[in-house]
Amino acid sequence: MPPTIDFYFSIDSRYSYLAATQIPVLEREFGATVNWRPLGLSALLAARGATPFSTGLRVSGQYEHDYRDIDTRRWAEFYGVKITTPDWRQGDWDRINLAAVAAAVEGSCRAFVTALYDAVMVQGAVPKDDAAIARIAGQAGLDGARLVAGIDAPATAALHRATIEQARQAGVFGVPSFVTGGEMFWGNDRILLLKRRLCVH
């Protein structure tokens, strides 16, 4: 039976973007059905009550921005995709992530997120306001005004809360994460282990 994979990710994560570029490979090679599960990483960390980013000490090497720039560029070269480091100071990332959740409510998550990642992680064009978010939705063939209106809708907040809780129950502690058959694989670099798991089951 073809596998089903829950893909937990956030827009403000270059590793989530890199992992998303490999979804077509998982679908093609394993016939997998992938459920796109957007969430706000800050909300997930808050729900867990644990974070690697605020220990009171200097940031550990693997989380330093300079190293992450190098690492994500290497992965992009390996995958044969483009990547740029966006200006993280631009845009309201909580709202941008909720826009992806709003798209999920409408059943158009993949189309919107693909266009959003292209804008943010390829072009470096972080949407600075709702109008920019609406334009990206329009480029994906969606109703931009409807999607933006959905950001503040109760259904979006409810789905986000449910996604956070389901992620926690599955053992997800960061993004990107893949969950299949009760097993969780965290990190873009664990896609290799995910593929191995799909091969043997």
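Predicted model: local features only at pLDDT ≥ 70, side-chain atom pairs only at ≥ 80, totals over all residues.
The residues of α6 that are buried are C109, F112, V113, A115, L116, Y117, A119, V120 and M121. An α-helix has 3.6 residues a turn, so residues three or four places apart point the same way.

**Length and end of α6**

Helix α6 comprises 14 residues, numbered 109-122. At 1.5 Å a residue, a helix of this kind should span 20 Å, and the C-alpha atoms at the ends of α6 are 18 Å apart, which agrees. Just after α6, G124 adopts a positive phi of about 70°.

**The sheet**

The model contains an open sheet of 4 strands, arranged in the order β2-β1-β3-β4 with mixed pairing. Strands β2 and β4 (183-186) are at the edges, and each of them pairs on one side only. On average, neighbouring strands of this sheet are turned by 20° against each other, with direction ignored.

**Pairing within the sheet**

Strands β1 and β2 are parallel and are joined over 6 bridges; D6 has N35 in β2 as its bridge partner. By contrast, β1 and β3 run antiparallel and are joined by 3 bridges, and here F7 has F178 in β3 as its bridge partner.

The pairing of β3 and β4 is also antiparallel, over 4 bridges. V179 stands opposite M184 in β4. Together β3 and β4 form a hairpin with 2 residues between them. In the turn of this hairpin, G181 has a positive phi of about 55°.

**The two faces of β3**

In a regular strand the side chains alternate between the two faces of the sheet. Strand β3 is covered on both faces. S177 and V179 are buried on one side, while F178 and T180 are buried on the other.

**Helices against the sheet**

Helix α6 lies across β1 and β2, and its direction runs at about 65° to β2. Helix α10 (residues 191-200) also packs on the sheet, where it touches β1, β3 (177-180) and β4. The direction of α10 makes about 10° with that of β3.

Notes: Residues numbered from 1 in each chain as written. Heavy atoms only, no water. Expected span 1.5 Å × (residues − 1). Buried < 20%, exposed > 50% of the residue type's maximum accessible area, 1.4 Å probe, protein only. Pairing = 2+ DSSP bridges. Axes fitted to C-alpha atoms, helices over the stretch in contact; angles between N-to-C directions. Contact = heavy atoms within 4.5 Å.
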